[in-house]
Amino acid sequence: MFSKVTCILQHAMEALTPSLALREDFVYHWKAITQYYIETSDAKAPVTNTNIPSHLEQMMDILVQEENELESGETGPCMEYLLHHKILEMLYTLGKDDCPPGMKQQVLVFYTKLLGRIQQPLLPHTNVHKPVQKLIGLCGEVLATPTENEEVQFLCIVCAKLKEDPYLINFFLGNQLKSLASKGTSNVISEDALKGQDSLSADSGQSYQPEALSGVNGVQHTDSMDEPSHWLDDLCTSLGDLDITSLLEASIVCSKQDYNLVNSLLNLARSPDGRIAVKACEGLMLLVSLPEPPVAKCFTQSICLSELLTDRLTSLYKALPRSVDPLDIETMEAINWGLDSYSHKEDALAFPGKRDLISFLSWFDYCDQLIKEAQKTTAVFLAKAVHERFFTGVLEPQLMQTSEMDILTSTALLHRIVRQVTSADLLQEIVVFILGDQREPETLAEIGRHPLRQRLIEHCDHISDEISITTLRMFEHLLQKPNENILYNLVLKNLEERNYTEYKPSCSEDRDVAENGLLTGAVHLEGDWLFTDISPDNTLSNQEWLRSSARASPDHSQNDGKPEVHKIVNSFLCLVPDEAKSSYRVEGCGYDTYLRDAYRQFQDSCAICLRWEWPGSPKALEKCNLEGAFFEGHFLKVLLDRMGRLLDQPYNVNLQVTSVLSRLSLFPHPHIHEYLLDPYVNLASGCRSLFSVIIRVVGDLMVRIQCVENFVPKLLLVRKQLLGLEPKGPVIDHITLLEGVIVLEEFCKELATIAFVKYHTSFTQ
């Protein structure tokens, strides 16, 4: 019995001995550090000449070893010693005084390793989060300091810990100035407290003692970060070339409810060292994504984040040279924030201003991703700030100028922004900026209610072809964005009442233009493998598409759907007379070449529109207000006007106009389908549709080709030159007309293919 008790006691002693030994080692290393401050008289010797870094490293290793030896969740004697004796508080004070020189860097490294390597939650402890909060205030005070890297690493590990446990953010929120003033105390470590730890005595008159050790005479010290005037001066100094007046006002607001973590990250985000700036931006992105409501309140009411983001965006935009080629803006490779390292010497495609353009687009991408990741309230707030302070305040005046160079450059940048944006909240603000938020149908007298919208649409028909093409491309990309307000604002609100139609009973004689439902020269599609290959397996798999897909109008639908679609397809294919066609004379230029692309693009359009709950059929005419005057809207008016001048416009302009119209035709809304793709719609008096405009163009074509000698050979030559099958030769007479005829033929084939794909997909569903 006695031997069993002895054995148990022996095992217990063996279990306790390692912990006791670790604690003794830990206390030894900490005493060695404090002993240095008591005994040293050389305050200027760098910390690297002392044993302090080694002792701190040993203390860190002991804490990690202790945690590994204990069961999960337990606190060992070394960690208890660190917490109970407020070692982090004393290290903060030593780092604040930077005594000896370089001590701040060592303290930052110790804090970072402690939070990063210790698995048990430390921030909930008062003796941890309070000194951490104070040390955060020392970060980012001055840019380009030797400790910048350690500062940003420390801030990012704090952000990572907050991301793991978002509730901890509450320890870093609140009115620090008020709380510190109410306490009326500061962090003072008395000599008696130091003696209580290590039982050391020192002659204070002969040795150097920093603030952490200078309480012998009862003197209290206040942190410089806790003084509003000093903090404001430091912030203004760090903001550099930004608008000092506005930032002073913002700083005063921030000081009322301070949030040093964000302020420090914002300052470091402006570091000249790109690596430091990227790390700081990563920390900010972690913070804005925290789901805690106090975080959103802090960002939206008390923090200068939105102002600093937009000011950076503004300064980078203004740094862009006016000579930047719009084509370079459009064709430059995709830009991601944080990856904008650029070497002018190594870039074979370099152009003047590329470095500045990359910086601007990179920062815009960061703003976009920050808003995308942010909590909803914060995201809306930041997006509105970008709208008001950058889009409206900076970009809009450039877009409204009369200088063609300024218009072209600013429109190209707006186009690039539209292409690049991915955040739903920022996209919504861009849509409101460009188009406004009016939901009422347009009238010709009120198209100027939103001046920027009117100006941009007018630029689609600008005297400068380059401006027209750039603006049309911008609208084409805007139409591909997943925002219902875009299509509704530009098109749907004007087609809602279907007052472009004239209500009358359908008459079969009006529809059967030729025998057996086919036009003369029509193409038979039933046996074409390209059409029959679109099987149910290849169509959209989501059954919800049926609700938003376009269907045949009820007054001319058939039981099986096929005769009707062939009549519509052939209506477009036969619009251009045979003597004006040239595609059948060149291999690989048939209507079938558009089928695959049309099917893929239609799938993409349907995927965008699924959530918008569009009707499956047009609004019943009995419920429509057909008495009101029809106006297709400013956007469609400009597009149809340009379509009517197809034979007199440059080739590139025609390509862009038809590209936008075909993009609109792909949307599965019944009113869009009826207005743009239904040749049989009963138009009201004075109204026009896309089909009627093309008919007028064809009528003009039939008259004009009579005046062109050798029209067919010239037309074939121009087509081959455009396809690269023939080299460019002498200028051909009537080249604009010939190119317009080719675009017209191809556009009719494209519309026929779109109509077929939409009907076929609806039928197979």
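1. Helix α17 is largely enclosed by the rest of the structure, because 15 of its 20 residues are buried; buried means under 20% relative accessible area, exposed over 50%, and partly exposed in between, with a 1.4 Å probe and protein chains only. Helices here are DSSP runs of H or I with at least four residues, strands are runs of E with at least two, and both are numbered from the N terminus. From its first C-alpha to its last, α17 reaches 28 Å, close to the 28 Å expected at 1.5 Å a residue. The expected span is 1.5 Å times one less than the number of residues.

2. This is a predicted model, in which local features need pLDDT of at least 70 and side-chain atom pairs count only at pLDDT 80 or more, while totals for chains, interfaces and linings use all residues. Residues are numbered from 1 along each chain as its sequence is written, and side-chain values use heavy atoms, with hydrogens and water left out.

3. The protein chain has 34 helices and zero strands. Of its 765 residues, 53% count as buried. Among contacts with a separation of 6 or more, 80% join residues 24 or more positions apart; contact means heavy atoms within 4.5 Å.

4. With 17% relative accessibility, Gly353 counts as buried. Leaving aside neighbours within four places in sequence, Gly353 is in contact with Pro321 and Val324. The C-alpha atoms of Gly353 and Arg322 are separated by 8.9 Å, and these residues are 31 apart along the chain.

5. Asp425 belongs to helix α20 (residues 424-435). Is Asp425 buried or exposed? It counts as buried, at 15% relative accessibility. Not counting residues up to four places away in sequence, Asp425 touches Ile371, Lys376, Ala379, Val380 and Ala383.

6. Helix α22 (residues 465-479) has 15 residues and reaches 21 Å from its first C-alpha to its last, close to the 21 Å expected at 1.5 Å a residue. The helix is mostly covered, with 11 of the 15 residues buried. Among them are Ile467, Ile469, Leu472, Phe475 and Glu476. What covers the buried residues of α22 includes α19 (404-420), α20, α21 (451-459), α23 (484-495), α29 (634-644) and α30 (651-665).

7. Helix α5 (residues 103-117) packs with α7 at an angle of about 25 degrees, and their axes are 9 Å apart. Axes are lines fitted to C-alpha atoms, for helices over the stretch in contact, and angles run from 0 to 180 degrees between N-to-C directions. That angle makes α5 roughly parallel to α7; angles under 35 degrees count as roughly parallel, over 145 as roughly antiparallel, 65 to 115 as roughly perpendicular and the rest as oblique. By class, the contact of α5 with α7 has seven nonpolar, four polar and four charged residues. Ala, Val, Leu, Ile, Met, Phe, Trp, Tyr, Cys and Pro count as nonpolar, Asp, Glu, Lys and Arg as charged, and the others, Gly among them, as polar.

8. How do α6 and α7 lie to each other? Their axes come within 10 Å and cross at roughly 135 degrees, and the two helices are therefore oblique to each other. The residues that meet are Val132, Leu135 and Ile136 in α6 with Phe154, Leu155 and Val158 in α7. By class, this contact of α6 with α7 has six nonpolar, no polar and no charged residues.

9. Gly140 lies in the loop between α6 (126-137) and α7 (148-164). Its relative accessibility is 0%, so Gly140 counts as buried. Gly140 and Asn263 are 123 residues apart in sequence and 8.0 Å apart in space, C-alpha to C-alpha.

10. Some backbone details deserve a look. The peptide bond from Cys99 to Pro100 is cis, with omega near -5 degrees, and Pro100 lies in the loop between α4 (87-97) and α5. Lys86 is not a glycine, yet has a positive phi of about 55 degrees. Lys86 counts as partly exposed, at 44% relative accessibility. Arg498, also a residue other than glycine, has a positive phi near 50 degrees. Arg498 sits in the loop between α23 and α24 (508-511) and is buried, with a relative accessible area of 8%.
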